[in-house]
Amino acid sequence: MSDFEDEVDLLEEEFTRATKVIELCHDQFEQKELLKFYGFFKQATSGKCNVPKPGIFNISGRAKWSAWNDLLEMTKESAMKGYIQHLTGLKPEWDQNVEGEEFKPQQASWISVSTFAKEEPVLGTEEQTVVDFIKEGNMEKVQKVFNSEDIGTVINELDDEGLGLIHWAADRGNVEILRLVIQVPTVNIDLKDSGGQTALHYASSCGNRDCVKLLVDYGADRTIPDEEGETCVDVAFDSDIKAILT
């Protein structure tokens, strides 16, 4: 066996010990530190990022993807060294306490860094998506997401509940957030949810007059029936809204 092969074997052994430490004590690190571990781990075990960027509704998934993708062409050996150096910088004594009490988990964390045994991180309940910000009416956070993400490629995706961003905005009645969604060039203003309803159905049935008017002004189709055969006019109960729609 060559000296280089010996060196690689020793590196892999040290890397394995380091991943064991993180598996045991990930709760003691901040999220940004864990993301860095995650990126190095994926690069060391899988090579260059080879998966598509997760959708806009998966903020934590996009953060992990970026941590991995940012390493570009880094070699697996360099990634293992980066992982070890990152841990050493945070806990210089780590290699003397792999089995020790010091590394017992203390509390739940939003992310568990992948190890050889457990690849997928476990997410905590505090992680929020842009849908949560829309529900809260938090225009500042919604705007930040729209500015920082490639929103145009995912604006017409449906979430796990079968709704798109445009449906949530119309449902919650925040006309400025709805306007932000509508002004995305690739948005389908007549996007149907899993039940065949458009944003105009939502705004009409919820009594959100300003949202109804905004959608109509932007050319939303008032004649589209849902799976029950009802149009936005049929689900509207407010006389002023019916007047806007007819």
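**Close-up views of a predicted helical model**

**View 1. Glutamate 12 lies in helix H1.** Helices are DSSP runs of H or I with at least four residues, numbered from the N terminus. Glutamate 12 has a relative accessible area of 37% and is therefore partly exposed, a class between buried (under 20%) and exposed (over 50%), with a 1.4 Å probe and protein chains only. This is a predicted model in which local features need pLDDT of at least 70 and side-chain atom pairs count only at pLDDT 80 or more, while totals for chains, interfaces and linings use all residues. Residues are numbered from 1 along each chain as its sequence is written, and side-chain values use heavy atoms, without hydrogens and water.

**View 2. Asp9, Glu12, Glu13 and Glu77 form a negative surface patch.** Patch residues have over 30% relative accessible area and no salt bridge, like charges being joined within 9 Å; a salt bridge places a side-chain nitrogen of Lys or Arg within 4 Å of a carboxyl oxygen of Asp or Glu. Helix H1 (residues 3-25) supplies the largest share of the patch, three residues.

**View 3. Helix H4 comprises residues 76-90.** Its 15 residues reach 21 Å from first to last C-alpha, close to the 21 Å expected at 1.5 Å a residue, where the expectation is 1.5 Å times one less than the number of residues. Buried positions in H4 are Ala79, Met80, Gly82, Tyr83, Ile84, His86 and Leu87.

**View 4. Threonine 231 sits in the loop between helix H10 (209-217) and helix H11 (232-235).** Threonine 231 counts as buried because its relative accessibility is 16%. Its C-alpha atom is 9.6 Å from that of aspartate 221, ten residues apart along the chain.

Conventions: Helix = DSSP H or I, 4+ residues; strand = E, 2+ residues; numbered from the N terminus. Patch = residues over 30% accessible without salt bridge, like charges linked within 9 Å, V, L, I, M, F, W, Y side chains within 5 Å. Areas by Shrake-Rupley, 256 points an atom, 1.4 Å probe, with all protein chains shown as cover. Lys, Arg positive; Asp, Glu negative; His and termini not counted. Charge placed at Lys NZ, Arg CZ, Asp CG, Glu CD.
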